[in-house]
Amino acid sequence: MAIFEKNNIFVIETQNLHYVLGVLDNGMLQHIHFGDKCNVDDYEVMPFSEENSTISPLDSLKTEYSTFGSAIFRETAFKATFADGCRDTRLIFDSSENIGNTLYIKLKDQHYPLVIKLKYECFESNDMISKSVIISNEGADDIIIEKMYSAEITMPSKNVYSSVNSNGCWGNEFEMQTTPVNCGELVYESRKGYSGHTNLPCFALSENISEDNGKVYFGLLQYSGNFKVLINRDSNNTTRAFIGINDFDFKYALKCDESFETPTVFCSVADGFTQMSNRINDFSLEYIFPENFRTKPLPVLYNSWESTEFDISIENQTKLAEIASKMGVEYFVMDDGWFGKRNSDRAGLGDWFVNKEKFPNGLKPLIDKVNSLGMQFGIWVEPEMVNADSDLFREHPDWAYHFDNRNGSELRNQLVLNVTRQDVKDYLFNCLDELLSENNIRYVKWDMNRPYSEVGGENLDCPQSVWYYHIMSVYDIVDRLKKKHPDIQFESCASGGGRCDLGAISHFDEVWTSDNTDPVDRLYIQNGYSLFYPRKAMRAWVTNSNDGSRRVALDYRFAVSMQGVLSIGSNLLKYTDEEVETCKKYIELYKRYRNVIQFGDLFRLADLMNNPYCITEYLDKEKKQGIVFICRGTDSLFKNNYAVVKMKGLEKDRNYCIDTGNKKILKSGAYFMNKGIDFKLYGACKSAIWIVTTE
Ligand code: GLA
C-alpha cells in the first residue's frame with residue numbers, strides 16, 4: 001500500500017521512505033516526517049503553544065502548507081486577497097481522498113469560498129513523491145492570488161543545513177555553490193521569464209553530504225518560468241524550503257468556479273549525491289521525458305552554427321554534411337540564418353519563411369542531399385522573438401510585449417513576442433507546422449535568446465499572470481507540434497543552458513547545455529548539470545571554438561562530450577582526413593556505449609573542483625558494461641601525474657575486464673572498487689577512456 005491513513009495521520013510510503021502529515025485538533029495540518037521509514041503507529045502530531053508574545057505558535061509549527069494570515073510572521077506558502085479586501089487566509093482540514101497512488105488533502109478557508117487541495121503522488125519504486133496544490137474559487141467574486149508555492153518542506157533536524165544550487169551565467173551554467181543556511185533567508189530565483197542561467201528551480205539541503213553518504217533532501221520544480229526557491233532558518237533553528245512560481249510581479253485572478261494547479265515539485269530524500277542524481281535520472285526516464293523518444297537512445301548530431309554562423313548556403317551546408325556523414329553522424333542540424341532577411345542578428349526573427357536568396361528552391365534540395373547521405377535533417381528556430389527589422393514586426397508592432405508609453409528595450413536586437421495572445425500563438429504554430437509539414441525535418445532546436453521586459457500583457461484580465469501564461473503557451477505550442485509531428489525531436493535552448501529544467505525536459509526531448517564548448521569549462525558545467533538533471537537530455541558538442549585560447553586534443557574533446565549526448569559542432573571544412581578518422585572512431589565507440597551513458601548509472605569518481613582530474617564512470621543497470629572518462633584539468637605540468645581510479649557500483653564477486661587502451665586488467669569487482677587502479681597521465685588536458693566489460 002503506497003498511501004494510508006490512521007486517526008487523521010497520513011502516510012505516503014515509497015520503497016524506502018515515509019512522507020507523513022497529520023491533522024491537529026484545531027484542524028490545521030502539520031508536517032510530521034520525510035525520511036527513512038518508521039513504525040507507522042508511532043507517528044503523532046505535536047501541537048505548539050505560544051512561546052512568548054513575540055513568537056506565535058504558528059511561527060513554530062511545522063506547517064504542511066502555511067498561509068499568510070493570523071499571527072504568522074515568517075515566510076508562508078500562500079497569500080491571497082479576497083473581494084472585500086481581506087488578505088488573511090485560514091485553512092482548515094475538510095477531507096481526504098485517495099485515487100490510485102495519489103492523495104488529496106482538501107482544506108477550506110474558515111470563512112471565504114476558497115478550497116485548497118494538496119496533491120501528493122507517490123512513485124513507490126523510485127522513492128519519489130510529487131507535490132502540487134490545486135486552488136479553487138467556489139464563490140462568485142474573484143480571489144487574487146499573490147503567492148502560491150508548490151511546496152513547503154520542513155527539515156527534520158535543528159542543525160545547520162547546507163544548500164546546493166548554481167550561481168551560473170551565460171557560458172558558465174551550473175556553477176555549483178554550497179551555502180550553509182545559518183540564519184535568515186537564502187533565495188534562488190528567476191525574474192527573467194525563463195528559468196535562466198543563474199539559479200536552478202530546485203533545492204538540495206543536507207547537514208553533511210558527500211557523493212556516497214549523508215541525507216540530502218531535494219526537490220525539482222517542473223516549470224521553466226519565473227521561479228523562487230526560498231530556504232529559511234528561523235530563531236527556533238527550523239529550516240524550511242519553499243519552492244514554486246515566483247511571487248515577483250505576479251498575481252493570478254481566480255474567477256468564480258475556476259481552479260488553478262501549481263506546477264509540480266518532485267521530492268525525495270537520498271543517501272548522497274550519487275543516489276540523488278541517479279534517482280532523478282531514472283525517474284526522468286520513466287516519467288518526465290516526452291514519450292516519443294523517452295526510451296530511445298538519442299542520435300549523434302552535427303550542428304553547423306560554429307562553422308558558418310549566419311553565412312549559410314546550400315554549398316557550405318552540403319560540404320559540411322558530406323564530411324559529417326563520413327564520420328557516422330546521424331542528424332545534420334542547420335542553425336540560425338535560413339529564414340527571412342537573416343544575415344546577422346539584427347533582422348529576420350519572426351519571419352519564419354525560407355530565405356529565397358539562400359535557398360531559391362526551398363529547403364528540399366538540401367534536405368534531400370542530407371537524407372541521401374544517410375542522415376536526418378534538423379533546423380533552428382527562435383519562435384518567441386521578433387526583430388524590429390522584420391516583416392512581422394512592421395505588420396504587428398503590438399505583438400511584442402510593451403507598455404504603450406514606453407520604448408521596448410532591445411537585447412541582441414530583439415524583442416519578445418506576447419505569446420499569451422491567441423493570434424500570436426496561432427501565427428507561430430501555423431508557421432512551424434507548415435515548415436515541418438512541407439519539409440522532411442526530424443529535429444527542431446527551439447532557441448530563446450533574451451529575458452523578457454516591458455511585459456505588458458494587456459490582453460489578459462490580470463496582466464501580472466503573463467509570466468505564467470507565457471511559458472504555458474510555449475509548452476502548448478511545442479506539445480501540439482510534437483503531437484502532429486511525432487517523429488520530430490525538440491531541443492530546448494536559451495542562449496545555451498538558459499531553459500534547462502525539469503519543466504523543459506517534460507516537453508522537449510533534450511537541452512542545449514551551454515554555448516561554452518571549451519572542454520575544460522564543460523567538465524565543470526557537466527558536473528553541475530549531472531547533479532540535478534538527466535544526462536539523457538544533455539547535448540554536448542565537440543568543437544574547435546576555443547582553439548585560440550586553449551588548444552586541446554580532439555581525443556580530450558570527445559572524452560568530455562561523450563559524457564552526455566554526443567554532438568559535433570566543429571568547422572569540419574578545416575578538418576584533416578586524420579581528424580575526420582578520429583571523429584569516426586569516437587562516434588563508433590559512442591554508439592556502442594550510448595545506452596550505458598544515456599540510461600545507466602553515473603558515478604562521479606572525481607571532479608575538477610577538488611581534484612586535478614575529472615573522472616566519471618557510467619555503468620549499465622545490470623552492472624555488466626561500463627565506460628570511464630578520465631580528463632585531467634589545467635594544473636601543474638610537474639605534479640599530479642599519478643592517480644588512482646576506484647570504481648563504484650560493480651558487483652564485488654563478479655570478474656570484470658577493464659581495457660585502459662594500453663592494457664586489459666582482469667580482476668574482481670571488489671578489487672576494482674576497494675584497491676583501485678593506479679594510472680598516470682602526463683600533462684594538463686590529457687584524457688583516457690576505459691571500457692568495462694564482464695568476462
Ligand atoms: C544562441 C544559441 C546558439 C546558436 C545561436 C544562433 O546563442 O545558444 O547555439 O543557435 O543562438 O543565433
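## Largest cavity

Helix 11 (residues 519-532) is the top contributor to the lining of the largest cavity, giving 4 residues. Helices here are DSSP runs of H or I with at least four residues, strands are E runs of at least two, and both are numbered from the N terminus. Strand 31 (601-606) and strand 32 (613-619) also give two or more residues each. A cavity is a set of points on a 1 Å grid over the protein atoms alone where a 1.4 Å probe fits but cannot get out, and lining residues have an atom within 4 Å of a point.

The volume comes to about 90 Å³, counted as the space filled by probe spheres set on the points, with grid points joined across faces, edges and corners. Met-538 is one of the lining residues.

## Model notes

This is a predicted model, where local features need pLDDT of at least 70, side-chain atom pairs count only at 80 or more, and totals for chains, interfaces and linings use all residues. Numbering runs from 1 along each chain as its sequence is written, and side-chain values use heavy atoms, leaving out hydrogens and water.

## Around strand 29

Met-538 also turns up in strand 29 (residues 538-542), which is largely enclosed by the rest of the structure because 5 of its 5 residues are buried (under 20% relative accessible area, 1.4 Å probe, protein chains only). Met-538, Ala-540 and Val-542 cover one side, Arg-539 and Trp-541 the other.

Strand 29 pairs with strand 30 (residues 565-568) in the parallel sense over 4 bridges; pairing takes at least two DSSP bridges. Ala-540 has Leu-566 as its bridge partner in strand 30.

Methods
Buried < 20%, exposed > 50% of the residue type's maximum accessible area, 1.4 Å probe, protein only. Right-handed = clockwise from strand over helix to strand, strands pointing away. 1 Å grid on protein atoms, 1.4 Å probe; cavity = no way out; pocket = protein on both sides within 12 Å on 5 of 7 lines; lining within 4 Å.
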